[in-house]
Amino acid sequence: MTTHRLSPADARRIAVRAQLLEAGRPAGLLELVRHLTLLQLDPTAAVAPSADLVAWSRLGGAYEPADLAGALGRRDLVELAATVRPAEDIALYRAEMSLRREEAPGAWKYQRHLDWIRANDACRRDILARLAAEGPLPSRVIPDTCVVPWASTGWTNDQNVIRLLDLMAARGEVAVAGRQGRDRLWDLAERVYPDETPVPAQDAPRCRSERRLRALGIARAKTTEVPIEPWGVGDVGEPATVDGVKGTWRVDPEQLGRLGEPLDGRVALLSPFDRLIHDRKRAVELFGFDYGLEMYKPAANRRWGYYALPILHGDRLVGKLDAAADRKAGVLRVRAVHEDEPFDAATAAAVDAEIAGLAAWLRLEVAR
């Protein structure tokens, strides 16, 4: 197979187009999520929850958070492992869930997870029986009958019921049926997921990689291992190199067919968890964009702000917006607009207009 040679501009435009960040907006939320494959969930809402920010940055002011809640309520979208996904995509995971239930060799990445489930099998059965009789339920009302506590050096230490529910979800026994505030409501998976034929376990990983590459446009075959959703795509797509960047990439063939088209770009304010910039190394290699989420740093050590939003302009990432929604005061407080390179007048005006659009969507006034 021919290895395509791309300019950095080609690579950036492929990535921007694949993430639906051109001037033309997607038709609606379901179309958006089906293409992106997921919206990552994160409880931080310094500006707005990440899933809502990702949707707004593509759909604009026509999007309302109630749209996402409604799609989840109708089960057009479902929650899986800290992501929102199209309900039909669960078929790409259910065969592997079954293998974990059957405790097939290699089905569990970490043996300690399987050992811990086995040790607390009575609690697992209690949970299933309670959900069958009373579900959906938040984890806090489910009795903890674990005989072996969950041990962790992190924040999950002794959170037995929550951890067991997460592992039962990985087995396809339970699923998130909705939300009550920030609490997940759990129910039997059979009452949440669509009754569709699972994609065979030997085929599902490649199908997921093909979907992921379509959403990213360009990605490494293998890269840093991360939770939630991989960044690598294996050998799907076609190989390519990018001038000035070491190594080989994989590119969505559909995007290769659009290389001669000019990009109809715009300004967009992105969530820190947006898939355009989530792989920080890829953001540096393709966009020359240095960025990190600084909410866990002491204030004095932050360069861009607690929850700075990357700023996209056309096919370039040009800065970061340090802002916070002060809902009590009714304002979007803009602390700083960090320009990676000085904005010209047109860029500055377009960024200001997008900030005003963000504030209007939040039903807040801009305060600088």
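This is a predicted model: local features need pLDDT of at least 70, side-chain atom pairs count only at pLDDT 80 or more; totals for chains, interfaces and linings use all residues.
## About the model

Local features need pLDDT of at least 70 and side-chain atom pairs count only at pLDDT 80 or more, while totals for chains, interfaces and linings use all residues. Residues are numbered from 1 along each chain as its sequence is written, and side-chain values use heavy atoms, leaving out hydrogens and water.

## The cysteines

A disulfide is a covalent bond between the sulfur atoms of two cysteines. Here it is defined as a pair of cysteine sulfur atoms within 2.5 Å, and the structure holds 0 of them. For Cys123, the closest cysteine sulfur belongs to Cys146, and at 3.6 Å it is too far for a bond.

Cys123 is buried, with a relative accessible area of 1%, whereas Cys207 is partly exposed at 27%. Buried means under 20% relative accessible area, exposed over 50%, and partly exposed in between (1.4 Å probe, protein chains only).

## Helix H6

Helices (H or I, at least four residues) are DSSP runs, numbered from the N terminus. In helix H6 (residues 111–119), the buried residues are His113, Leu114, Trp116 and Ile117. They lie on the same side of H6, because they cover an arc of only 165° around the axis, taken from the directions from the helix axis to the C-beta atoms.

## Arg58

Arg58 is found in helix H3 (residues 50–59) and is buried, at 0% relative accessibility. Leaving aside neighbours within four places in sequence, Arg58 is in contact (heavy atoms within 4.5 Å) with residues including Gln19, Leu36 and Asp274.

Notes
Helices (H or I, at least four residues) and strands (E, at least two) are DSSP runs, numbered from the N terminus.
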